[in-house]
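Visitor: I have a new model to look through, and I would like to know what stands behind each term. Could you take me through it?

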Amino acid sequence: MMKPLLEVKNLSVTVNSDDKEIEILQDISYKLYPSQTLAIVGESGSGKTLSALALVKLLPNSVSISSGSIIYNEKNLTKLTEDNLRKIRGSKISMIFQEPMSSLNPVLTIGKQISETIMAHKKISKTNALNQSAELLEKVGISNAKSRLKDYPHNFSGGMRQRVMIAIALSCYPDIVIADEPTTALDVTIQAQILKLMAKLRDERKMSMILITHNLGIVAQYADYALVFYAGKIMERAPVNRLLKNPAHPYTKALLDSLPKIKHGQNILKTIEGNPPNFEDKIEGCPFHPRCGEVMEKCKTSLPPEFKINNEHGSKCWRSKATKGY
Amino acid sequence: MKKILEIKNVSKKFALRKDNFFSARKFFTAVDNVSLSLKENQTLGIVGESGSGKTTLAKLILDIEKPDSGEILIDGKDITRAKGKELKELRRQTQVIFQDPYSSLNPRMNVENIILEPLQINKIIKQEQIKILHSLLNSVGLPQNCLKKYPHEFSGGQRQRIAIARALALKPKIIIADEPISSLDVSIQAQILNLLKQIKDEMRVSYIFISHDLSAVCHISDKIAVMNKAAVVELAPAEELFKNPLHPYTQLLLNSVCDADPENKNDDIQIIQNDSNLSPSCAFAERCPLYDQKHCLSENNLSEVKKEHFVKCALSSQKKALYGDRNEN
């Protein structure tokens, strides 16, 4: 068995609001292997973005890690000082955010913003940093890279800006890239280009990627392994092919059934009744039980543990206990 | 079936800001010579990338913008030239559901007032209003006790239901849904798609469904128009369009969709960048994988290649041979 590059163990994250402590991520554990693309799937409010931000401690002030550990390179990231963490953030673990317009600084040139990252992590002269920036831009498919270094974010289109973000994220040869909904704000044709580019660079540089998305299509096309988040918990984990072909958890099944498919006719879609829970709501038992079509009495009172269907496939559902070993 | 809406050769340009005081005014063409029609109780899907003119076209039909040229006939009457009472009557026939239910509902009005507002404007008798209100709540699946609540008390999906109820209040013949599901959660999208379908069957309305989500458009539409750079480049019945896309732009769009089936990898996306000022007659020339100078320089129009399948491409007749039926391979 390969050694995992990153290991998250029993991570819990709480938010303090009005003297109340609410646990928004509960007992998250997973491993990320070298060259693997791990997808985190979930609806808005399921905690998928927070779980990624927690890896590099980019959490908002009121939110903190309450227990658990994040092991990267034999170091526990939750215990590192801010200074040491800063050395890892942006160089070894970097991020690509959803909205490229708001994550780039509108008053700095593209060249400045890419070279800034390089200079922050390496001892390198400004000219060399700029040269490297130009190479990076070329790599992400921006033509005339040298002259475009002097342009500002508003000179670029949405897809190009996301390419710039990718260039910044890759500037220090990271081991892990966390991409948080990298293409949600883009058109389908551009989305395909960006995802292809990311997959190509991932393979070239043998990076691992954590891909956060709500789009199961993207998961199917670009990820190896997937975690399904719901209400701050991992409901199901499996290799992508298995997850989409043979889902075990009722939530994953329902999510897949509710997708309109191009090839199928115009029948009524299956839906998941109700709404995803707010993290302030306290739900007894399994958080999905009010919306679940296969709910049992047991689900309303006690939270199921994760049952292993096989070595790589786990599901947090009482029903999976019964079907265990199929 | 009767045509409820006919758009004939509609164009709309917007003036751009001048570079300086003396320079000539430049224009941006948002909708370029578009002709479409919609039959009673049918759904016309409009797909295209952002900036392709989908929303401008919707605004023209709703008479929010006036076209520069062309006619828009609703039930045989031209809305672009109608005035006074006639215009008010025509506007009742077309209603709209917007993309973002967070910003399209007035936060200071409760559900009752939101849904009643169009009825009050059109001076429907009070007793009738209450009746309509309750039946609307029923048909969009909102509880009766929500009337005094405000939009912030609802989730995204429920807000979209309120917006749908408001659009239905005046019993319009045409409902324009401009990206109605793209801001909703995945599990909620299916609920709203089903609701729209159910309403279509119950109330016999017609939809214009604008979206960039091709699988949703395919699911709900009878006919689909593909727009690229202000023009309709392909128009065909939904099933035909997906089985047998003829325009290279439609093919690019379809290939770009991420399929939730991992065995169906979309590997064949080519990124093409032809010389940008080559062909004035085809807006897609710069990105077209089939670009060829001889054919693409000539004027081309939307022409019928197969029954009810229209394509705007000089090469469309040859393309059939190149790509074949999608089903066959």
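Guide: Gladly! Let us begin with a polar contact: a pair of N or O atoms within 3.5 Å, where within protein one must be able to donate a hydrogen and the other to accept it, and residues adjacent in sequence count only if both atoms are side-chain atoms. Between chain A and chain B, 8 residue pairs are in polar contact, both at pLDDT 80 or more. This is a predicted model, in which local features need pLDDT of at least 70 and side-chain atom pairs count only at pLDDT 80 or more, while totals for chains, interfaces and linings use all residues. Residues are numbered from 1 along each chain as its sequence is written, chains are lettered from A and ligands numbered from 1 in the order in which they are written, and side-chain values use heavy atoms, with hydrogens and water left out.

Visitor: What makes residues of chain A and chain B count as in contact?

Guide: Heavy atoms within 4.5 Å. By that rule, 40 residues of chain A touch 42 residues of chain B.

Visitor: Which elements of chain A give two or more residues to the side that touches chain B?

Guide: Helix 8 (188-205), helix 9 (216-222) and helix 10 (240-245); helices here are DSSP runs of H or I with at least four residues, numbered from the N terminus. Helix 8 gives the most, with 8 residues.

Visitor: Why is a space called a cavity?

Guide: Because, on a 1 Å grid over the protein atoms alone, a 1.4 Å probe fits at its points but cannot get out. Among the residues closest to its centre are A:Cys286, A:Cys292, A:Cys299 and A:Cys317.

Visitor: And what makes a space a pocket?

Guide: A pocket is an open set with protein on both sides within 12 Å along at least five of seven lines. The second largest pocket has about 610 Å³ of space, and A:Tyr225 and A:Arg237 are among the residues closest to its centre.

Technical notes. On a 1 Å grid over the protein atoms alone, a cavity is a set of points where a 1.4 Å probe fits but cannot get out, and a pocket is an open set with protein on both sides within 12 Å along at least five of seven lines; lining residues have an atom within 4 Å of a point. Grid points are joined across faces, edges and corners, and a volume is the space filled by probe spheres set on the points.
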